[in-house]
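Please look through the structure shown here.

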Amino acid sequence: MARTKHPELTRAALVDAARRVLRTHGATLSLEAVAQEAGVSKGGLLHHYPSKERLLQALAHALIEQFHSLLQAAHAKELALHGDAPGAWLRAYIELSFVVDEEVDALTVALAPLSVLPELLRGLQEAQRFLITDAEADGLPAGRAHAIRLACDGLWAGRSSGLPDLDDLQRAALKEELLSWTRR
């Protein structure tokens with residue numbers, strides 16, 4: 001990668017390289033491998049991300065931004081199809097939560113060690129605060145909105161942490177039940 005006057009583009013390329021390396025090497029990702037994948041020196045990588053943890057934190061934030069963009073698109077689709085009825089945001093959240101994306105699941109598992117670093121965890125929690133505020137602003141009682149969101153989060157976290165997963169019929173039943181809670 002040639003030197004650029006746009007460091008944000010370089011950082012994005014480094015995060016993309018980290019994603020590719022993490023996908024192929026898992027949690028054993030090394031800064032050397034990321035630098036090689038990105039076509040920069042290790043020193044060039046360290047200029048933008050002074051530690052492996054900072055690079056992984058940037059990747060985690062990129063995944064959050066990716067999910068947020070997908071959620072906004074799903075919400076827009078829900079609004080276009082059904083109007084601005086209460087529960088539209090949560091229906092979009094449910095739809096996305098039931099899509100299995102093995103790459104995102106694998107990246108999430110690889111990033112799990114970040115959760116033991118309190119300063120990084122706080123940043124990730126803050127970056128995802130929209131999940132609480134948007135759920136509460138969706139026009140349903142707050143307790144129901146949180147129950148729906150947390151059920152979706154539990155489904156996703158269970159898949160990522162090795163808990164027994166539901167079969168297709170069980171997943172369909174859960175999805176329909178959660179969707180029904182958005183229509184009451």
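Tyr93 counts as buried, at 3% relative accessibility. Buried means under 20% relative accessible area, exposed means over 50%, and partly exposed lies in between, with a 1.4 Å probe and protein chains only. The model is a predicted one, in which local features need pLDDT of at least 70 and side-chain atom pairs count only at pLDDT 80 or more, while totals for chains, interfaces and linings use all residues. Residues are numbered from 1 along each chain as its sequence is written, and side-chain values use heavy atoms, with hydrogens and water left out.

Which residues share ring pairs with Tyr93 in a cluster? Ring pairs link Phe67, Trp89 and Tyr93. A pair of aromatic rings is described by the distance of the centres and the angle of the planes. Rings of Phe, Tyr and Trp (its six-membered ring) pair if their centres lie within 6.5 Å; planes under 30 degrees apart count as stacked, over 60 as edge-to-face and the rest as tilted. The structure holds 2 aromatic pairs. Phe67 and Tyr93 form an edge-to-face pair, with 5.8 Å from centre to centre and 90 degrees between the planes. Phe67 lies in helix H4 and Tyr93 in helix H5, so this pair ties together parts that are 26 residues apart in sequence. Helices (H or I, at least four residues) and strands (E, at least two) are DSSP runs, numbered from the N terminus. Phe67 is partly exposed, with a relative accessible area of 27%. The rings of Trp89 and Tyr93 are stacked, because their centres are 5.3 Å apart and their planes are at 15 degrees. Trp89 and Tyr93 are 4 residues apart in helix H5, which means that about one helical turn separates them. Trp89 is buried, as is Tyr93.

Next come the charged side chains. Side chains of opposite charge can pair when their charged atoms come close. A salt bridge is a side-chain nitrogen of Lys or Arg within 4 Å of a carboxyl oxygen of Asp or Glu. The structure holds 8 salt bridges. One of them joins the side chains of Arg20 and Glu37 (2.7 Å, N to O). Arg20 lies in helix H1 (residues 7–25) and Glu37 in helix H2 (residues 31–38), so the pair ties together parts that are 17 residues apart in sequence. Arg20 is partly exposed, with a relative accessible area of 32%, and Glu37 is partly exposed as well, with 40%.

Glu32 and Lys42 also meet through their side chains in a salt bridge (2.7 Å, N to O). This pair links distant parts of the chain, with Glu32 in helix H2 and Lys42 in helix H3 (residues 42–48), 10 residues apart. Glu32 counts as partly exposed at 43% relative accessibility, and Lys42 counts as partly exposed at 35%.

Are Asp153 and Arg149 buried or exposed? Both are buried. Their side chains meet in a salt bridge (2.6 Å, N to O). Asp153 and Arg149 are 4 residues apart in helix H9, so about one helical turn separates them.

The nonpolar interior is described in terms of a core. A nonpolar core is a set of buried Ala, Val, Leu, Ile, Met, Phe, Trp, Tyr and Cys residues joined through side-chain atoms within 4.5 Å. Of the 45 residues in the largest nonpolar core, Leu22, Val34, Leu45, Leu71 and Leu111 touch the most other members. Helix H4 gives the largest share of this core, 9 residues. Leu29 lies in the loop between H1 and H2 and is buried, with a relative accessible area of 2%. Leu29 and Thr108 are 79 residues apart along the chain, and their C-alpha atoms are separated by 14 Å.

Finally, consider the chain as a whole. The protein chain has 10 helices and 0 strands. Buried residues make up 35% of its 184 residues. The C-alpha atoms of the protein chain fill a box of roughly 55 × 35 × 30 Å, taken along the principal axes.
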